[in-house]
Amino acid sequence: MPSRLIEMATIRIMLILAVVLAAPSVARAQLDYRNLDDDRPTLIEDAYPVEHYAFELVAPWRYSRARGAPGGVHAFIPELEYGLFSNFHLGVKLPIARAPTSTGPEWGISGVRGFALYNFNTEGRWLPGLAVRADAAFPVGTHAGEGTRFTAKVIATRSWGQSRIHLNGAYTFGTDRPLAAADASHRWWLGGAVDRTLFRQSALLIIELYALRPTSAEPVEVNTSLGVRYQLTPLAVCDLGIARRLRRTGPDYEITLGVSRAFALAGLLPGRP
Amino acid sequence: MSFHRLVPAIVLLCVLSATADAQDQRDEQFYYPGKFNWAFLKTYPEGGRLFNAFDYGHAVLYERLLTKPAPEREAALEKEYQFLTTNLLIRPPRYAVAEEVIEPTYAKLAWRAKQMFDWAHVLHRQIYDIYADEGLDPAARDTLIERVTDYYLSRKDYAFTAAPKSMVLMDEQYFSQGFRESHPKFNGLIWAYHWLQVGLYEPLIIGTTPAEKKAGVKATLARFWTMLEDAPRNFPTMMPMTSAIAPRFSAKHPRAAVIFDNLHMMHDIISDILVADTVPRDRKRAVIYAQLAEFRNGSRNVISMEEWHHMAEMMGGINSMGGPATGLLEPPPAGGAMAGMQYGGAKPVPDTSAHAHPSALLERPTIAPPTHEHGAGLGSASDSSEVVALVVRFDAAMAAGDSAGVLALLADDAVILESGGVETRAEFRSHHLAADISFARAVKRLRGPIRVRILGDAAWASSTTTVEGELRGRQTNSVSAELMVMAREGVAWKIRAIHWSSRNRRPPG
């Protein structure tokens with residue numbers, strides 16, 4: 001599909017999502033600001049899935065500029081999650097990126113990603129909340145890279161009053177091939193984050209540190225991010241994050257901005273007791 | 001997979017298995033969708049936000065009971081009580097409080113209990129939202145309330161039964177009543193919360209127009225604030241029963257009403273378990289979970305619906321539960337509702353008082369119900385209602401910037417005393433009125449109860465108001481006292497004198 005058409009389609013999708021996100025439907029709401037989703041606004045996510053029967057629609061935008069790169073990458077990564085079972089959700093992402101090519105920057109689909117997350121337990125006296133997540137990234141679109149990739153991730157969340165610590169570790173199976181321009185499946189990554197809940201302001205502050213190796217042939221990046229999630233209304237959460245490399249490779253800077261909204265469909269809920 | 005990769009996985013599985021009995025699943029579930037959701041918070045933020053503060057109060061109570069040794073509990077709870085009543089309830093959070101942040105130890109100990117409470121609180125709030133949604137007619141509201149109750153009950157692992165459970169469970173177990181005996185003041189606050197949480201349904205049912213509902217909600221809220229005055233004197237001395245505090249709601253939706261009573265009983269039971277020395281720390285989770293199972297069971301230790309309806313009378317009547325949420329209040333017993341309980345610092349008040357009908361509080365900002373002195377030759381409840389209404393109209397005109405409306409309420413010979421000076425009506429109009437209106441519009445005001453006394457055709461109303469806000473770059477945080485003197489002119493009351501004074505408030509602790 002020509003870049004111009006992708007660009008137009010992206011704008012249309014963003015407009016549609018904006019309308020959906022602003023519609024007066026129902027949201028889990030009020031506490032959504034504490035649900036750390038991957039990449040929103042930091043790479044690390046918490047160990048808890050969306051609620052059973054809940055949909056969550058996420059519309060993040062990201063701009064990333066790597067050291068020495070000819071230009072930055074804009075990425076719009078709409079995402080839909082659904083709490084299919086208790087403690088289990090499924091999701092799909094459709095990253096659309098504007099990335100440099102040999103003929104200049106072009107818009108293109110950056111793969112399609114499906115994923116599932118299962119949470120074993122909420123944290124107790126001894127164990128943190130533990131979850132596993134599996135992703136499959138399919139090579140769809142001009143910016144998708146090559147080959148289907150499967151990633152396994154382990155997630156842990158532990159709280160101390162207003163603060164929580166999250167640990168994430170992920171590994172992608174398969175051979176090294178060119179990566180997607182946005183939302184790529186790195187060979188491995190490992191990171192930790194600390195967040196702090198401001199309960200009266202309905203806001204969450206996050207700081208994270210992570211290391212990743214994009215492919216087996218590339219050096220390890222060590223990056224850090226700062227982020228905030230804020231409950232805009234009972235129905236909507238916005239987030240803002242910035243990231244920066246700590247070593248020679250990695251993003252000079254990366255900015256993430258997003259809004260999300262949860263809802264449910266009455267027809268999918270259980271009937272009378 | 002190689003052996004060295006397998007070992008950590010096996011170790012992890014062993015750890016998980018060994019601790020599995022102490023682990024809960026998260027088990028969060030989305031609530032019933034519909035346009036009605038959030039209507040209450042939007043339409044009645046003064047009530048919706050207050051519920052957020054209540055969530056904090058419940059959570060911090062359990063955390064302190066669980067984590068503080070007995071000798072330190074009272075001081076810790078007193079500190080939280082002060083924070084709640086002088087800070088959080090006055091400036092409640094915009095949205096729900098993440099309770100696991102406030103009660104991290106308790107949430108790790110008894111997540112299932114937290115989830116069960118959350119699920120019942122969702123039902124509470126959704127019913128408020130349904131009542132607050134003016135797009136629904138009464139029949140549609142009733143149908144929808146039953147539907148969300150069905151949805152609530154469909155989650156059998158987390159729903160309180162809709163069969164009324166026996167009070168024996170709350171009062172006659174080996175750990176029972178310890179909390180209310182050792183911490184009566186905080187217990188009274190929790191019961192006041194429960195009184196409001198069920199009581200607010202009544203004005204929403206009684207009101208036939210949005211304005212009437214709004215006025216009724218404000219009046220009920222005002223009664224709640226009155227309970228906090230001179231605490232614990234005015235707190236309920238018995239657990240408020242939904243059938244007594246919200247009789248109309250209970251008649252329409254008995255299942256939901258019973259669920260809320262079971263919820264509130266369980267609140268008290270957990271407080272008792274947490275405080276009881278007879279339940280060792282390592283047994284508290286098991287005992288709490290056994291009680292949760294009991295309260296999900298609709299066939300054991302239940303009473304009939306008829307017995308449930310009469311329970312309030314058997315427990316000492318509605319006045320011991322905080323009084324009705326709407327309508328006329330009976331005079332409380334001398335010394336206040338809590339006089340029979342042992343509270344340090346509770347002072348009996350020599351005069352008895354009654355409260356005017358809340359219909360007098362139409363469009364009033366958050367104001368406690370008026371009191372008026374009883375006695376031979378003194379004014380009737382109707383008189384006091386009219387006097388309160390005059391105060392309210394004066395406030396409303398000031399807040400609306402309606403200078404003509406303000407002046408219309410002042411008698412021709414009225415005098416206004418403020419800032420160390422005395423002004424006639426004409427002087428007030430040309431001097432202080434504009435500034436007073438600007439001030440009234442710029443700040444947030446929270447008025448306490450209005451005390452009305454009537455002697456023949458003369459009446460005086462006194463009250464205090466907390467004032468917060470910013471005017472012309474200056475922060476204001478003060479308490480203002482107001483005395484209005486009124487006289488009956490024909491059939492109407494007019495303001496003959498006003499005296500205002502104020503002082504800066506200490507920042508809340």
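**Core of chain B.** I began with the largest nonpolar core, where B:Ala192 and B:Ile245 touch the most other members of the 135 residues. I took a nonpolar core as a set of buried Ala, Val, Leu, Ile, Met, Phe, Trp, Tyr and Cys residues joined through C-beta atoms within 7 Å. A residue is buried if 20 or more other C-beta atoms lie within 10 Å of its own, exposed if 12 or fewer, and partly exposed in between, with C-beta atoms placed from the backbone. Helix H16 (residues 254-275) of chain B gives the most to this core, with 13 residues.

**Ground rules.** This is a predicted model, in which local features need pLDDT of at least 70, side-chain atom pairs count only at pLDDT 80 or more, and totals for chains, interfaces and linings use all residues. Residues are numbered from 1 along each chain as its sequence is written, while chains are lettered from A and ligands numbered from 1 in the order in which they are written.

**Around B:Ile245.** Next I listed its contacts, leaving aside neighbours within four places in sequence: B:Ile245 meets, among others, B:Trp195, B:Val198, B:Gly199, B:Ile318 and B:Pro324. Contact here is C-beta atoms, placed from the backbone, within 7 Å. I also found a second, separate core of 22 residues, including B:Leu390 and B:Trp493.

**A helix pair.** (Ala, Val, Leu, Ile, Met, Phe, Trp, Tyr, Cys and Pro count as nonpolar, Asp, Glu, Lys and Arg as charged, and the others, Gly among them, as polar.) Helix H11 (residues 184-199) and helix H13 (residues 210-228) of chain B pack at about 175°, with axes 10 Å apart. They are therefore roughly antiparallel, a label for angles over 145 degrees. The axes are lines fitted to C-alpha atoms over the stretch in contact, with angles from 0 to 180 degrees between N-to-C directions.

**Chain B overall.** I counted 22 helices and nine strands in chain B; these are DSSP runs, helices (H or I) of at least four residues and strands (E) of at least two, numbered from the N terminus. Of its 509 residues, 48% are buried. The chain is divided into domain 1 (15-321) and domain 2 (353-504), with bounds from an automatic or database assignment. Their C-alpha centres lie 36 Å apart.

**Meeting chain A.** Last, I checked the interface: 41 residues of chain A are in contact with 33 residues of chain B.

Note on methods: Contact = placed C-beta atoms within 7 Å. Parallel < 35°, antiparallel > 145°, perpendicular 65-115°, else oblique.
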